[in-house]
Amino acid sequence: MKQIIESKLNGVRLSTHLASPSEAALRNLSELNSVRLSPHFLLQEFIHLRRHPDNIPTAQDIANLTFGCLMVLEPARLIAGPIIVTSGFRCEAVNRKVGGVRNSQHLTGQAADIHLADPSRFRQLVEFLKTCKYTDQLLTGSTWLHVSWTPFGTPRHFIRIGYYK
Ligand SMILES: [Zn+2]
């Protein structure tokens with residue numbers, strides 16, 4: 001799938017397009033922000049360009065985020081209400097800056113750190129993600145959690161509830 005998408009783009013990564021802050025590139029950035037991944041999630045919620053201007057995903061990263069939105073986050077939203085994404089995709093530099101692990105799934109758009117607009121529904125969110133067939137890894141604190149997905153493999157269902165405080 002990665003090869004197909006990259007060949008459609010003639011091997012040009014979005015990050016190459018957007019490397020210089022020309023007017024065209026800035027216009028592309030706002031277009032990138034407004035890309036809708038699923039009915040309730042925009043790309044901007046996962047890349048936080050205002051905070052990290054160089055956090056530009058590849059087309060494959062965006063496809064991976066879309067998988068997570070459709071298979072994990074939209075169903076979770078049905079159960080627990082609006083979801084706030086504190087960290088989604090991270091380029092290498094951003095991942096280093098926030099102290100992410102070297103092989104973090106955030107690097108490829110296969111994870112999100114989230115909390116709820118209505119924290120009283122957090123337990124319902126955790127219960128749903130524990131049983132969601134697309135959950136790869138689930139690590140939870142008391143009000144936030146990290147959930148990952150694997151568009152290309154069998155989910156591990158690695159669950160650690162309350163592991164982080
Ligand atoms: Zn995370």
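Here is a short tour, from the whole chain down to single residues.

**Stop 1: the whole chain.** Keep in mind that this is a predicted model. Colour it by secondary structure and you'll find 7 helices and 7 strands in the protein chain. Start at the N terminus and trace along: the order is α-α-α-β-β-α-α-β-α-β-α-β-β-β. Of the 165 residues in the chain, 30% are buried. Now for contacts with a separation of 6 or more: 61% of them join residues 24 or more positions apart.

Stop 2: Next, select helix 4 (44–47), helix 5 (59–80), strand 4 (111–116), helix 7 (122–131) and strand 6 (144–148). What do they share? Each gives two or more residues to the largest nonpolar core, a set of 27 residues. Helix 5 supplies the largest share, 8 residues. Phe 46, Ala 112 and Val 147 have the most contacts inside this core.

**Stop 3: Phe 46.** Click on Phe 46 and look at what surrounds it. Leaving out residues up to four places away in sequence, Phe 46 touches Leu 65, Val 85, Gly 88, Phe 89 and Ala 112.

**Stop 4: Val 147.** Hop over to strand 6, where Val 147 sits. Is Val 147 buried or exposed? It counts as buried because it has 25 C-beta neighbours inside 10 Å, and the cut-off for buried is 20 or more. Again skipping residues up to four places away in sequence, Val 147 touches Ala 112 too, along with others including Val 72, Ile 114 and Leu 129. To finish, show the C-alpha atoms of Val 147 and Tyr 134: they are 9.9 Å apart, with the two residues 13 apart along the chain.

Note on methods:
Residues numbered from 1 in each chain as written. Predicted model: local features only at pLDDT ≥ 70, side-chain atom pairs only at ≥ 80, totals over all residues. Helix = DSSP H or I, 4+ residues; strand = E, 2+ residues; numbered from the N terminus. Buried ≥ 20, exposed ≤ 12 C-beta atoms within 10 Å, placed from the backbone. Contact = placed C-beta atoms within 7 Å. Core = buried A, V, L, I, M, F, W, Y, C linked by C-beta atoms within 7 Å.
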